[in-house]
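Here are my notes for when you open the model.

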Amino acid sequence: MVSGIKLDRIDLKILTQLQQAGRITNVELADAIGLSPSPCLTRVKRLEKAGYITGYGAHVDLARLGEFLTVFTEVTLTEHRSGDFSRFETRIRKLDEIVECHLVSGGYDYLLKFVTRGVAHYQSIIEDMLESDYGIEKYFSYVVIKSPFIKHHYPLQHLFGEQK
């Protein structure tokens, strides 16, 4: 992986377009960012090789597939040595229903996002985690009632573009 390449505004435009429309053709992408196709493709390949583009995928509408439940869970570990954090992260990585894990500062250690078939399914996972000694002292669950929107892209231009 190439590291340390400097991104310019054209690279940011490419990344912005690709995260919103990953299946866009190179010709369409080049047109959208104001570049000819050949240098556009060269830049995309360079961004892929450098690890800025980590993959391409489809956004699946879970609601069309059936009923599901999203739960955010605050987790506090019993012990706070580095090995305790590593063990916890290694173990939860294997649980497919945990789709996000964030180590946070504040009143608890981790914020987890679960996607399950329902409350009973979620509860069985939590009970298994407690019985299997993941090192959890306490947890608090927040069931999502409605998600008015979910963005699958980052505001790259606002985060890393030219500051005004």
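1. A term to start with: contact, or touching, means heavy atoms within 4.5 Å. With that in hand, Asp-84 touches Leu-77 and Glu-79, not counting residues up to four places away in sequence. Asp-84 is found in helix α5; helices here are DSSP runs of H or I with at least four residues, strands are runs of E with at least two, and both are numbered from the N terminus. At 7% relative accessibility, Asp-84 counts as buried. For that scale, buried means under 20% relative accessible area, exposed means over 50%, and partly exposed is in between, with a 1.4 Å probe and protein chains only.

2. Some ground rules. This is a predicted model, where local features need pLDDT of at least 70, side-chain atom pairs count only at pLDDT 80 or more, and totals for chains, interfaces and linings use all residues. Residues are numbered from 1 along each chain as its sequence is written, and side-chain values use heavy atoms, with hydrogens and water left out.

3. Now to the sheet. How many of the 9 residues of strand β1 are buried? The count is 8, so β1 (residues 69-77) is largely enclosed by the rest of the structure. Two strands count as paired if DSSP finds at least two bridges between them. β1 runs antiparallel to strand β3 (residues 110-116), with 7 bridges joining them, and Leu-69 has Thr-116 as its bridge partner in β3. β1 also pairs with strand β4 (residues 136-143) in the antiparallel sense, over 7 bridges; there, Thr-76 is partnered by Lys-138 of β4.

4. Next, the inside. A nonpolar core is a set of buried Ala, Val, Leu, Ile, Met, Phe, Trp, Tyr and Cys residues joined through side-chain atoms within 4.5 Å. The largest one has 18 residues, and those touching the most other members are Phe-88, Leu-112, Phe-114 and Met-129. At least two residues of this core come from each of β1, α5 (82-92), β3 and α6 (119-131). There is also a second, separate core of 13 residues, among them Ile-10, Leu-15, Ile-33 and Val-44.

5. Take a look at Met-129 on its own. Leaving out residues up to four places away in sequence, Met-129 touches Phe-88, Ile-92, Leu-95, Ile-98, Phe-114, Tyr-134 and Ile-136.

6. Over to the salt bridges. The rule is a side-chain nitrogen of Lys or Arg within 4 Å of a carboxyl oxygen of Asp or Glu, and the count comes to 8. One of them links Asp-11 and Arg-43, with the closest N and O atoms 2.9 Å apart. Asp-11 sits in helix α1 (residues 9-20) and Arg-43 in helix α3 (residues 37-49), so this pair ties together parts that are 32 residues apart in sequence.

7. Glu-48 and Lys-45 make another salt bridge, at 3.9 Å between the closest N and O atoms. Both lie in helix α3, 3 residues apart, about one turn of the helix. Glu-48 is partly exposed at 27% relative accessibility, and Lys-45 is partly exposed at 48%.

8. Lys-113 lies in strand β3 and Glu-100 in strand β2, so the pair ties together parts that are 13 residues apart in sequence. Lys-113 is buried at 16% relative accessible area, while Glu-100 is partly exposed at 32%. Elsewhere, salt bridges that share partners join Asp-8, Asp-11, Arg-43 and Arg-46 into one network.

9. Last, a loop residue. Val-104 is in the loop between β2 (98-103) and β3, and at 29% relative accessibility Val-104 counts as partly exposed. Setting aside neighbours within four places in sequence, Val-104 is in contact with Asp-109, Tyr-110 and Leu-111. Val-104 and Pro-148 are 44 residues apart along the chain, and 24 Å separates their C-alpha atoms.
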